[in-house]
Amino acid sequence: MTNDAGSPSPPPERDVILRFEDVHKAFGAQRVLRGLSFDVQRGKVLGIMGGSGTGKSVALRHVIGLLQPDAGRVEVEGRNVPDLSTEELSDLRKRMGYVFQEGALINWLTVEENLALPLVENTDLGPGEIADRVAEKLAMVHIPDAGKKLPSEISGGMKKRVGLARALIVEPDILLYDEPNAGLDPEISRSINELMREIAESHESTALVVEHRVDCIRTVCDEVVFLHEGEAIVHQPTEEFLRPSHPRLIEFLGPDALT
Amino acid sequence: MTPPDHILAASPGWLADALPFAFAASLVYVLLQAAWFRASVVEMGSTLELAAATALRLHHLPRRSRWLMEQLFAAGVRNLHVVLLVGLFMGMIVSLQTGIELSRFGQQDQIGTIVAASMTREMGPFITSVVLAATTGSALAAELGTMSVSDELSALEVMSVDRTSFLVVPRVAALMIIAPVLTVLCDTIGIVGGGFVASSQLGVPLAQYTETALDALQEKGALIPVPMDVYSGLFKSIIFGGLIAIISCASGLVARGGALGVGRATSRAVRDSIIAVIVANYFLTWFLYR
């Protein structure tokens with residue numbers, strides 16, 4: 001992979017927390033990832049952009065072990081995720097938060113119960129401490145009164161916020177966002193983007209954001225990787241990324257890149 | 001691929017023309033059957049794996065008591081009227097069918113014996129299981145299938161929540177508890193329905209019907225002081241309840257491909273549950289009555 005100017009990827013001596021190394025993944029005859037390589041610095045927010053079907057969400061699912069690569073390495077803190085035992089993977093997941101595209105809230109639990117679930121299942125915290133943490137995270141995502149509602153009783157934007165609060169409840173070191181703005185109107189998208197930026201600054205956590213909206217990338221990300229046909233063809237700081245010179249990136253961003 | 005020459009030579013003209021197509025169709029059919037067979041074996045393996053994982057986590061049940069109670073309500077109270085209605089008519093049918101034949105030989109006083117034995121041994125557990133497979137089994141598969149296609153199962157995995165313990169254990173336990181309870185009610189209402197038909201349509205006095213029905217249930221079992229026919233039926237229904245729950249949960253958990261996948265999982269759950277109940281019924285009957 002090269003950066004947009006054609007020079008090699010950023011040097012390896014940075015504090016790398018997450019690394020993709022020549023990752024390949026196919027579903028039947030469909031080859032989705034074809035040698036994906038990039039890395040993420042600790043404390044940075046990396047955006048993953050690309051057209052539909054280029055493997056953005058598939059890449060994200062490899063980080064948390066929901067998918068296994070056919071070849072290559074997906075390293076988190078130097079450990080190859082596919083090589084982890086069930087217990088090690090479970091421990092790793094407890095330090096990660098994943099915000100799903102549609103929220104993926106358990107539909108028969110209330111918002112509060114959805115947030116409390118990972119704490120009830122995996123920690124020794126008492127009911128009082130759990131309730132306090134749930135209230136704190138709901139306030140953080142600006143929906144303090146939604147706790148008693150079922151997912152079916154809240155809007156799409158609120159579901160995203162609840163999904164974000166649920167990802168934050170375990171106070172993760174790494175946050176993974178899968179198209180956090182999908183299906184939202186511009187106003188709610190802006191508020192979600194600002195919230196993600198707030199979280200990145202206040203928690204100092206590392207984040208990967210799969211997104212195809214330029215406004216989200218501009219507001220939230222420190223660096224951006226651009227995927228094309230299962231490979232990362234551009235990896236740059238956001239400001240440079242939004243002044244593209246790579247022809248495929250210019251074609252993809254269109255007029256957005258100039259505004 | 002064409003059939004051998006001697007077959008073509010010996011066949012009439014139209015048959016000779018059709019034979020290559022028939023052979024090709026047979027070949028495709030065999031291949032499809034082989035694919036189906038392979039898929040079935042894989043499916044059965046994952047179901048057995050889920051059954052083993054569930055058995056190893058049954059001690060988590062006290063932590064899941066809230067979900068257990070909800071599942072008991074869903075499987076028990078919501079199906080009660082269906083089981084009672086079907087059980088009532090099944091008892092009436094058994095009574096009428098056997099009564100008509102027995103009356104030819106003047107043996108209609110034995111209707112109570114036959115209705116009681118057939119309801120408690122076979123009809124009660126089987127009817128209850130079919131109702132549970134069609135209602136609760138399909139609902140379980142649809143519920144878990146929807147969770148699968150909407151990423152809720154992935155969310156549980158990402159949060160390190162054990163989905164077998166969280167989702168499957170309370171559902172399996174609930175069906176294993178509620179199936180024998182519904183079976184007792186089905187047996188009872190079936191015997192009552194049979195008595196109604198015997199007295200009103202076949203001229204058997206109700207007191208005589210009741211006496212023969214109770215006589216048929218006198219033989220106590222070796223292990224517990226409950227009539228052998230009743231407890232063998234209850235034992236069967238516990239096994240059937242577990243089979244329905246495991247098969248339905250396994251179908252739901254592997255659902256893929258949106259609403260279509262959920263629909264397929266649901267129909268597979270009902271089909272496989274009923275097949276499993278029938279096959280298990282034979283082997284349990286052989287085991288209990290040999």
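What follows is a friendly chat about a predicted model with two chains, A and B.

Me: Great. How many helices and strands are there in chain A?
Reply: Chain A has nine helices and ten strands. Both are DSSP runs numbered from the N terminus: helices are H or I with at least four residues, and strands are E with at least two.

Me: And why is it called as compact as a globular protein of that length?
Reply: The radius of gyration of chain A is 18 Å, close to the 18 Å from the globule rule for 259 residues, so chain A is as compact as a globular protein of that length. That radius is taken over C-alpha atoms, and the rule is 2.2 Å times the number of residues to the power 0.38. Along the principal axes, the C-alpha trace of chain A spans about 55 × 45 × 35 Å.

Me: What share of chain A is buried?
Reply: For chain A, 42% of the 259 residues count as buried. A residue is buried if 20 or more other C-beta atoms lie within 10 Å of its own, exposed if 12 or fewer, and partly exposed in between, with C-beta atoms placed from the backbone.

Me: Is helix α1 of chain A mostly covered or mostly open?
Reply: Mostly covered: α1(A), residues 56-63, has seven of its eight residues buried. Among them are V58(A), A59(A) and L60(A), and also the charged K56(A) and R61(A). Just after α1(A), G65(A) takes a positive phi of about 80°.

Me: Now the strands. What is the order in the open sheet of four?
Reply: The order is β2-β1-β4-β5 in chain A, with antiparallel pairing. Two strands pair if DSSP finds at least two bridges between them.

Me: Which ones stand at the edges?
Reply: β2 (30-41) and β5 (79-80) of chain A do; each has a single partner strand, so one side of each is left without a neighbour in the sheet. Two bridges join β5(A) to β4(A), residues 71-76. One bridge partner pair there is V76(A) with R79(A).

Me: What about β9 and β10 of chain A?
Reply: β9(A), residues 223-228, and β10(A), residues 231-237, run antiparallel and are joined by six bridges. V225(A) has H235(A) as its bridge partner. The two strands form a hairpin with two residues between them, and E229(A) in the turn has a positive phi of about 50°.

Me: Switching to chain B: what's in it?
Reply: Nine helices and zero strands. A compact globule of 290 residues would have a radius of gyration near 19 Å, but chain B has 24 Å. Its C-alpha atoms fill a box of roughly 70 × 65 × 35 Å along the principal axes.

Me: Where do the domains fall in chain B?
Reply: Domain 1 covers 1-46 and domain 2 covers 57-289, with bounds that come from an automatic or database domain assignment. Their C-alpha centres lie 40 Å apart.

Me: Is L58(B) buried or exposed?
Reply: L58(B) is exposed, with 12 other C-beta atoms within 10 Å. L58(B) is in the loop between α2 (13-56) and α3 (65-104) of chain B. L58(B) and V168(B) are 110 residues apart in sequence and 9.8 Å apart in space, C-alpha to C-alpha.

Me: And how does α8 of chain B look?
Reply: α8(B) is mostly covered, with 21 of its 26 residues buried.

Conventions: Residues numbered from 1 in each chain as written. Chains lettered and ligands numbered in written order. Predicted model: local features only at pLDDT ≥ 70, side-chain atom pairs only at ≥ 80, totals over all residues. Contact = placed C-beta atoms within 7 Å.
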